[in-house]
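Me: I have a model open and want to talk through how it is put together. Can you take my questions as they come?

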There are 4 protein chains.
Amino acid sequence: MSSNASQLERLTFFSDAVFAIAITLLIIEVHVPHLETRDDGAYLQALQALQPSFFGFALSFLVIGALWVAHHRVFGMLVDYKPSIMWPNMLLLMTVAFMPFATALMSSNPLARVPEVVYAGTLLAAGLLQFVLFAMALRAPYVRSDIPAEHVTGTRWRALGLPVAALLSLVAACFAPGVNNVMLFGIPLFTRLFYALGQRRALRLQLAPVEG
Amino acid sequence: MSSNASQLERLTFFSDAVFAIAITLLIIEVHVPHLETRDDGAYLQALQALQPSFFGFALSFLVIGALWVAHHRVFGMLVDYKPSIMWPNMLLLMTVAFMPFATALMSSNPLARVPEVVYAGTLLAAGLLQFVLFAMALRAPYVRSDIPAEHVTGTRWRALGLPVAALLSLVAACFAPGVNNVMLFGIPLFTRLFYALGQRRALRLQLAPVEG
Amino acid sequence: MSSNASQLERLTFFSDAVFAIAITLLIIEVHVPHLETRDDGAYLQALQALQPSFFGFALSFLVIGALWVAHHRVFGMLVDYKPSIMWPNMLLLMTVAFMPFATALMSSNPLARVPEVVYAGTLLAAGLLQFVLFAMALRAPYVRSDIPAEHVTGTRWRALGLPVAALLSLVAACFAPGVNNVMLFGIPLFTRLFYALGQRRALRLQLAPVEG
Amino acid sequence: MSSNASQLERLTFFSDAVFAIAITLLIIEVHVPHLETRDDGAYLQALQALQPSFFGFALSFLVIGALWVAHHRVFGMLVDYKPSIMWPNMLLLMTVAFMPFATALMSSNPLARVPEVVYAGTLLAAGLLQFVLFAMALRAPYVRSDIPAEHVTGTRWRALGLPVAALLSLVAACFAPGVNNVMLFGIPLFTRLFYALGQRRALRLQLAPVEG
């Protein structure tokens with residue numbers, strides 16, 4: 001294995017580990033009820049009180065999961081990397097590592113405005129850093145040569161899906177805290193939409209010189 | 001290394017990390033007694049009170065360990081993967097990451113019904129997701145060509161062992177909470193049984209056209 | 001890379017992750033003092049009260065570190081593995097994952113007998129499992145062919161160092177709790193001693209047929 | 001892959017995992033406020049009270065990140081390793097694993113002298129161990145042959161940046177606790193300075209025999 005490939009591998013490895021730890025630490029913030037009784041009703045009530053925590057756990061698991069899947073997809077397209085992507089990647093990992101806090105804050109009081117704003121803001125920061133990172137990484141000599149240019153552009157555009165959904169969620173949090181998280185279910189839609197837009201634009205630009 | 005193999009490696013790597021973190025986090029939920037005295041009797045009593053936590057730690061360690069061993073076995077049979085297995089795998093990891101919570105809940109009151117149902121239900125969800133994942137992954141162009149077809153079928157069937165044992169444990173939890181976990185010791189038996197059934201069926205089907 | 005080598009790699013990888021998580025989780029059990037004052041004396045006193053926790057952290061970090069170094073050395077000698085080593089390895093990892101609890105228990109009251117016995121007992125279990133695992137793994141077709149037989153035998157014997165030191169510490173814990181941990185500083189000595197004994201025995205046996 | 005390369009890979013892997021876990025555990029020490037009210041003002045006040053914790057999280061994330069980036073850079077220059085670097089590496093990892101404690105202590109009372117001294121002292125220990133480790137690792141037969149000698153010397157010198165900044169921060173902590181952390185922002189400057197000094201010195205020494 002070439003030295004650069006091995007260094008790239010170690011960078012993705014370190015990133016994977018941070019994603020995996022943050023995603024698994026989410027459960028630590030869901031506090032286990034300790035009841036003195038064996039009564040079914042008491043337990044069901046205690047679990048129901050934890051509902052916002054369960055929702056927060058599942059939502060953040062899916063969001064961090066999606067961030068990892070995107071990271072996995074993009075870094076799988078690379079053969080090498082520019083050393084300057086190191087710190088944007090580290091800052092992205094910082095927002096991911098911050099997610100267990102933002103999730104627990106949101107779950108502690110799911111209809112309060114400030115926690116929802118913090119949560120959506122963390123996602124917005126993660127989304128913007130991810131967009132910058134992918135735009136820097138997916139550049140000419142670093143991408144595998146067998147990947148069509150329009151797929152590279154589409155993948156770069158696709159990363160707009162998360163920050164746009166997070167921004168909508170942030171704005172909605174000011175008016176309807178709690179409900180605003182519905183916006184995040186638009187992520188799969190937005191990413192596909194932006195991918196298609198980017199790909200189309202790339203294809204048009206490729207054709208342009210031929211047409212001219 | 002080919003690009004697909006490297007992407008498969010990173011997927012298994014991320015999964016391994018989540019398994020490893022969830023299995024090691026189990027101990028965090030066993031709360032260390034802080035006694036003012038050095039008296040042997042007081043310590044022995046405090047440790048005895050922790051017995052359900054020790055049992056939960058050991059049981060969940062073995063169950064998550066078994067889930068990892070199965071994941072390791074199946075992914076070792078692959079040369080490539082369908083991108084659509086990504087999310088079933090992520091959901092399986094979510095149930096694994098949830099295990100420390102389910103374990104601590106069960107250990108907090110080992111004879112209460114609801115915690116036992118939650119624990120068995122978590123295992124049932126993990127078992128079903130694992131079955132779906134393996135059934136999707138162990139398909140024609142993705143499996144190593146040197147593996148006999150009946151072994152592939154047997155391995156797919158084998159994954160029925162955990163959900164069946166978990167379902168029995170779930171039903172038993174309603175009648176005899178605490179005792180129901182005995183069902184889980186049937187996992188090694190069930191997996192072997194289903195493996196044999198699947199293998200036999202595959203061999204019969206292979207012979208059928210010859211007989212016809 | 002051959003399929004077996006890749007499966008062996010994933011097994012060592014999973015083990016590495018559990019070692020790494022357990023060793024890093026040790027610090028979570030050292031509780032951070034929260035003082036209302038900025039007074040130097042109050043802080044120094046609070047840190048001094050934590051001395052047993054710092055000692056426990058450092059001791060367990062070195063012990064788990066030594067267990068990992070030994071695992072790293074032995075698995076580096078292998079080209080393949082017997083599937084039956086999977087579960088002894090998993091049980092060894094269980095004792096490693098238990099270490100943060102045993103450490104916190106010992107640190108909570110460093111002169112009490114029961115916590116010291118639990119700590120030494122955990123190490124004894126880890127040491128015995130490690131010995132069994134290495135004895136099973138370091139067998140004929142699995143070891144790299146360029147490694148001299150006497151080095152293999154020496155490495156197998158070497159694994160007696162930890163259980164012997166842990167047993168001495170366990171016995172000493174009954175009479176002089178707290179002081180008994182001094183025995184553990186004998187681990188580097190014992191491992192070297194047993195390595196030399198095993199190597200010498202292997203060399204004598206190699207010569208025997210020639211002599212006979 | 002040669003056996004030594006694979007053992008080196010596993011050593012870097014284990015180190016990466018400890019770095020990744022320590023960096024992600026930082027967030028656990030930031031305690032989530034649980035308010036009964038949904039009032040924006042109450043939440044903003046609670047978050048403002050957490051400001052030192054957020055600062056500590058971000059600072060330590062960047063410092064551990066920088067330690068990992070340096071480790072990644074240096075180990076990427078190696079083809080093999082001296083077994084004797086194992087324990088300096090383990091001690092470096094011990095200081096990294098200690099960082100979540102030192103960070104939480106500092107954040108608990110950011111203007112108190114003792115916590116700042118402990119934090120700066122931990123960084124100083126990490127910096128000195130890193131310097132010793134890199135000086136041992138970057139030796140003749142272990143470094144990739146295509147790397148110019150002056151770059152090797154520069155990289156060795158570069159590792160003086162962190163301990164020097166940590167020492168300045170430690171001294172400043174005695175006079176202006178809290179403010180002293182400003183010194184740490186000098187790390188990027190110091191590392192570049194020492195790199196240039198080391199590189200220049202190496203080039204002068206290379207020319208010396210020719211001149212003589």
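Me: Start with the helix pair I'm looking at. What is the handedness of the crossing of α5(A) and α7(A)?
Reply: That crossing is left-handed, where left-handed means that the near helix is turned anticlockwise from the far one by less than a right angle, and right-handed means clockwise. Before going on, note that this is a predicted model, in which local features need pLDDT of at least 70, side-chain atom pairs count only at pLDDT 80 or more, and totals for chains, interfaces and linings use all residues. Residues are numbered from 1 along each chain as its sequence is written, and chains are lettered from A and ligands numbered from 1 in the order in which they are written.

Me: At what angle do the axes of α5 and α7 of chain A cross?
Reply: Roughly 165°, with the axes of α5 (residues 113-137) and α7 (residues 161-175) of chain A coming within 8 Å. Axes are lines fitted to C-alpha atoms, for helices over the stretch in contact, and angles run from 0 to 180 degrees between N-to-C directions. α5(A) is therefore roughly antiparallel to α7(A); the cut-offs are under 35 degrees for roughly parallel, over 145 for roughly antiparallel, 65 to 115 for roughly perpendicular, and oblique for the rest.

Me: Which residues meet there?
Reply: On α5(A), they include A:Val117, A:Leu124 and A:Phe131. On α7(A), A:Leu162, A:Ala166 and A:Leu170 are among them. Contact means that C-beta atoms, placed from the backbone, lie within 7 Å.

Me: And how do the residues of that contact divide by class?
Reply: The contact of α5(A) with α7(A) has 13 nonpolar, four polar and two charged residues. Ala, Val, Leu, Ile, Met, Phe, Trp, Tyr, Cys and Pro count as nonpolar, Asp, Glu, Lys and Arg as charged, and the others, Gly among them, as polar.

Me: Zoom out. How many helices and strands in chain A?
Reply: Eight helices and zero strands. Helices (H or I, at least four residues) and strands (E, at least two) are DSSP runs, numbered from the N terminus. The C-alpha trace of chain A spans about 75 × 40 × 25 Å along its principal axes.

Me: What is the mean pLDDT of chain A?
Reply: It is 93, and 97% of the residues of chain A reach 70 or more; pLDDT is the predictor's confidence in each residue, from 0 to 100. For the model, ipTM is 0.92 and pTM is 0.95.

Me: Why do you say chains C and B meet through different surfaces?
Reply: Because only 11% of the interface residues of chain C are also interface residues in chain B.

Me: How many residues are in contact between chains C and B?
Reply: 28 residues of chain C touch 26 residues of chain B. On the chain C side, α1 (3-25), α4 (86-108) and α5 (113-137) each give two or more residues.

Me: What about chains D and A? How many residues does each put in?
Reply: Chain D puts in 26 residues and chain A 28 residues. α1(D) has the largest share of the chain D side, at eight residues.

Me: How far apart are the nearest C-alpha atoms of chains A and C?
Reply: 9 Å, and chains A and C do not touch. No contact joins chain B and chain D either, with closest C-alpha atoms 9 Å apart.

Technical notes. Contact = placed C-beta atoms within 7 Å.
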